[in-house]
Amino acid sequence: MSDESRPAPRPRVGRTTAGRRRLRHALTVAAIEKFSEQGYDATTVDEIASAAGVGRRTFFRYFRSKEDAIFPNHEEVLVRIEQLFASADDRQNPLEVACAGVGLVLDSYLADPDVSVKRFALTRTVPSLRDKEVASVDRYQRVLATYLRARFQAAGDPLWDLRGSVAAAAVAAAHNHVLRRWLRSGGAEDAHAHAKEAFALVIDAFGDTTGPPRDTGDDEAVIAVLKASAPLSEVVRQISRALRSED
């Protein structure tokens, strides 16, 4: 058979971008199934790799530890958020841009409902996995805060540092509220519709951030006392009221 007529070799799983994504997903599914069947502590990396049809060395090309295996690719999502912020139009409300950025995180969970719901069940019962999730949320909030503080400072807001940090916390809280609500429903609720409502609350609470800066005098601390059971809308409303108290 001539070279011209010989069929091209099929790419091996893991050698192409699509193949790597499939293998990464297979390892995640295997880890979740093993953790659910026999417990997190009793499951080894070798068992996860074997269930996915690969070896231990291949597992560590994709994940640093067995706890990393059940989480989405946060590094990739963070890069996408930073790229979104870098390319955003400075004339656009920064709160809208921040909400669009954290929306990418939500989409990463919605892309694989079965895995996300099972992961949620595990993080509620395994402390080390819950700690890993909290650390990931904190990283997203820091990226949001960095972007918002820079935008508010550029706009001449005398409270740019405080406002950026509080606004980032509000955006993150809105996202987390929507995501957990969707997860508790087993992936049945319309997360995008709820996210639209939650983000609108945050954007409305902080008002038009593109207008002229406010003259607030000396910077002051903002304190809001709320019940732990307070709904998201009340949290955002009280934060906004505190920030505007000197207007």
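1. Read along the sequence, the predicted model follows the pattern α-α-α-α-α-α-α-α-α-α. The secondary structure comes to 10 helices and 0 strands; helices (H or I, at least four residues) and strands (E, at least two) are DSSP runs, numbered from the N terminus. Residues are numbered from 1 along each chain as its sequence is written. In this predicted model, local features need pLDDT of at least 70, side-chain atom pairs count only at pLDDT 80 or more, and totals for chains, interfaces and linings use all residues, while side-chain values use heavy atoms, with hydrogens and water left out.

2. Of the 247 residues, 39% count as buried (under 20% relative accessible area, with a 1.4 Å probe and protein chains only). The protein exposes about 14100 Å², of which carbon and sulfur atoms supply 51%; the areas come from the Shrake-Rupley method with a 1.4 Å probe. Among contacts (heavy atoms within 4.5 Å) with a separation of 6 or more, 71% involve residues 24 or more positions apart.

3. Helix H7 spans residues 127-154, that is 28 residues, and reaches 41 Å from its first C-alpha to its last, close to the 40 Å expected (1.5 Å times one less than the number of residues). Its buried residues include Leu129, Glu133, Ser136, Tyr140, Val143 and Arg151. The buried residues of H7 pack against helices H4 (74-87), H5 (94-110), H6 (113-123) and H8 (160-184). Just after H7, glycine 156 takes a positive phi of about 85°.

4. The count comes to 4 aromatic pairs; rings of Phe, Tyr and Trp (its six-membered ring) pair if their centres lie within 6.5 Å, and planes under 30 degrees apart count as stacked, over 60 as edge-to-face and the rest as tilted. The rings of phenylalanine 85 and tyrosine 147 have their centres 4.2 Å apart and their planes at 15°, so this pair is stacked. Phenylalanine 85 lies in H4 and tyrosine 147 in H7, so the pair ties together parts that are 62 residues apart in sequence. Both residues are buried.

5. Phenylalanine 35 and tyrosine 40 form an edge-to-face pair, at 5.0 Å centre to centre with 65° between the planes, and both are buried. Lysine 66 lies over the face of tyrosine 40, 4.4 Å from the ring centre (the rule asks for NZ of Lys or CZ of Arg within 6 Å of the ring centre and within 35 degrees of the ring normal).

6. An unreviewed UniProt entry places the feature "DNA-binding region" at residues 44-63; such annotations may be inferred rather than shown by experiment. In the model, the end C-alpha atoms of residues 44-63 lie 13 Å apart, and the span is 70% helix and 0% strand. Phe59, Phe60 and Phe63 form one aromatic cluster.

Terms used. Buried < 20%, exposed > 50% of the residue type's maximum accessible area, 1.4 Å probe, protein only.
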